[in-house]
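Here is my note on the model you sent. Please read it with the structure open.

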Amino acid sequence: MVGSYTSKTSGEHLFHRIRLKGPQAHHITSHVRRRSSSSSSMAAPSFLKKPISETPLVIDKSRNLRLPLHFSQFRLCGRRHVVKSSLIESNHVPILSASEAIERLRTSRESCKRTQRYLAMYSSVFGGITTDQGAMVIPMDDHMVHRGHGVFDTAAIVDGFLYELEQHLDRFLGSASKAKIKPPFDKETTKRILVQTASASSCKNGSLRYWLSSGPGDFQLSPSGCHQSTLYAIVIQDLSPPNYNGIKVITSSVPIKPPQFATMKSVNYLPNVLSKMEAEENGAYAAIWLDEQGFVAEGPNMNVAFVTPESDLLMPPFDKILSGCTSKRVLELVRHLVQIGQLRGVQVRDVSVKEGKQAREMMLIGSGVVVRPVLQWDDQVIGNGKEGVVTESLRNLILEDMKNGPSTVRTLIPY
């Protein structure tokens, strides 16, 4: 027996044994054991009499097992599948009205334990802002969904201000140009929509993420059938406190994106996700990409920087990787550390792995991590294995800039 499941129905226990007889001959046999002393038998559901090959399949990779679609509602407990759905009793999928579908989506969101809340969403498809999580959806035929033809960016919300919105918006529109997506609005209109979406959320600390897509229209490869490009935006509130503790990184074995795609912030993040998963599987926070020449490139969604033994801040160039807005701001603010003698100077150039691992300090920089110390890279401890003074100073400079920086980096949200 490869697997089994149990279901209680009117005081009876059904035990269904799954037998696999080769890839072309999958069958299910059903065995019934009654709790009562009655000798009457129970008819097995009709789908249990059919070969698996005649029903839709789902894959249980942990057991190398192919199961019919009506088994996909099980939760796995060892080798036993405990039924948590009524699909065994009734092989019926309900047809929902729009209001029923939205209500189920709303209920599903509210019942899940999450680390983030979604406070407001704008969609150019329905031409407005909603604060109802049940309505925060996008069309399935949007080419960003099924073809990955879309770009995005994120701005932090700090004390009621959007941090570096202008800088992120310029990069956002640059990414759209590279992806050959013509925005539905000009820059000022787009900015006004984003600020109003943040305002509608009443969020004082969080983030605003926004997307440009070639739009809905069909399921073809070419966007020629799309009616109109689309703009989406959502306000996200993190429920977890920020964490600036030191971390471990590894060298990624996932191939880095070619420069043409790495330099735009598109929704094609599968390599980034696989790189992040690889790090987590190896007890690390992130995996560091190397370029085709073996030089240090970037992390899955952050830039990398070092402090050399000679007290220079060292950062890889942006010609083959995403141009990080936070990293560029660091390069402006770091002048203060040079002036007070904490650093000798700043260099933006190629960095070898050997040089990186021999650095006095290493850090990850991005809008999510801000400036976070790296204490170990693969098996190499960085410096003395503790957060360095430059890393801490740069983080404090960015955090202060977020709260009290000039108007060029802070956009007031009119609540």
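1. The domain bounds come from an automatic or database domain assignment. A pocket here is an open set of points on a 1 Å grid over the protein atoms alone, with protein on both sides within 12 Å along at least five of seven lines; a cavity is a set where a 1.4 Å probe fits but cannot get out; lining residues have an atom within 4 Å of a point.

2. Before going on: the model is predicted, local features need pLDDT of at least 70, side-chain atom pairs count only at pLDDT 80 or more, and totals for chains, interfaces and linings use all residues. Residues are numbered from 1 along each chain as its sequence is written, and side-chain values use heavy atoms, with hydrogens and water left out.

3. The second largest pocket holds about 230 Å³ of space. Volume means the space filled by probe spheres set on the points, which are joined across faces, edges and corners. Its lining has 15 residues, and G148, H149, A179, F261 and N268 lie nearest the centre. Strand 10 (150–158) and helix 5 (259–262) each supply at least two lining residues. Helices (H or I, at least four residues) and strands (E, at least two) are DSSP runs, numbered from the N terminus.

4. Pairing needs at least two DSSP bridges between two strands. Strand 10 and strand 12 (residues 206–213) share eight bridges in the antiparallel sense. Within strand 12, S207 is the bridge partner of A156.

5. A156 turns up again in the second largest cavity, whose lining is A155, A156, Y163, E164, H168, T326, S367 and M402. Where does this cavity lie? Domain 1 and domain 2 both give it lining residues, so it lies between them. Its space is about 40 Å³.

6. The structure holds two cavities of 30 Å³ or more. Strand 19 (361–366) and strand 20 (370–377) each give two or more residues to its lining. Strand 20 gives the largest share, three residues. Among the lining residues are R360, E361, K386 and E387.
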